[in-house]
Amino acid sequence: MGKTGSGAQSGKTIKGSEPLPAASASRTVEAYKAEVAHRISHLHRQQVYSENPQPLLRSVVVVRYSVNADGTLLNAQIQRSNKDHETEKTALASLKNSAPFPKPHPQLLRSGRLEVSETWLFNDDGRFQIRSIALPQRAG
């Protein structure tokens, strides 16, 4: 799914503009998730809500995904949602289109992979934030 190769960490670019990520220094799963969330948010900034999310969200989509030792996205699937198919597609596409990711620190790998769940928070207009780096929701 991801665009990698033997030179994936050599400073080459994705789609001619974004540098491929280097190895991650994050030694916790939460810190690694935040790195991935920042990458997704940067690459999809037109779809990201930059202020505090609204009190009642349109959709909350939880995606379970795994990456291998070189940061390649191995799989991704919806773990939980309210069945809003448009936001499910947006969450999966933003993840897949942002791969490859930084190489996870070796201590985070189990059987050569890192499996995590991440949550996309969608406002009524379809823009999102990713929970690992999201701002607090506005009061209702």
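This tour goes through salt bridges and aromatic pairs in a predicted model. Residues are numbered from 1 along each chain as its sequence is written, and side-chain values use heavy atoms, with hydrogens and water left out. Local features need pLDDT of at least 70 and side-chain atom pairs count only at pLDDT 80 or more, while totals for chains, interfaces and linings use all residues.

**Salt bridges**

Side chains of opposite charge can pair when their charged atoms come close. The structure holds six salt bridges, each a side-chain nitrogen of Lys or Arg within 4 Å of a carboxyl oxygen of Asp or Glu.

Select R58 and E86. Their closest N and O atoms are 3.5 Å apart. This pair links distant parts of the chain: R58 is in the loop between α1 (29-43) and β3 (59-68), and E86 is in helix α2 (residues 85-96), 28 residues apart. Helices (H or I, at least four residues) and strands (E, at least two) are DSSP runs, numbered from the N terminus. R58 is partly exposed, at 23% relative accessibility. For such labels, buried means under 20% relative accessible area, exposed over 50%, and partly exposed in between (1.4 Å probe, protein chains only).

Next, select E115 and R64, a salt bridge with closest N and O atoms 3.4 Å apart. E115 sits in strand β5 (residues 113-122) and R64 in strand β3, 51 residues apart, so distant parts of the chain are linked. E115 is partly exposed at 40% relative accessibility, and R64 is partly exposed with a relative accessible area of 29%.

Then move to R127 and D125. In this salt bridge the closest N and O atoms are 2.7 Å apart. R127 has a relative accessible area of 28% and is partly exposed; D125, at 47%, is partly exposed.

**Aromatic pairs**

The structure holds two aromatic pairs. Rings of Phe, Tyr and Trp (its six-membered ring) pair if their centres lie within 6.5 Å; planes under 30 degrees apart count as stacked, over 60 as edge-to-face and the rest as tilted.

Select Y65 and F101. Their ring centres are 6.4 Å apart and the planes are at 45°, so the pair is tilted. Y65 lies in strand β3 and F101 in the loop between α2 and β5, so parts that are 36 residues apart in sequence are tied together. Y65 is buried, with a relative accessible area of 2%, and F101 is buried at 0% relative accessibility.

Finish at F122 and F128. The ring centres are 5.7 Å apart with the planes at 55°, which makes the pair tilted. Both F122 and F128 are buried.
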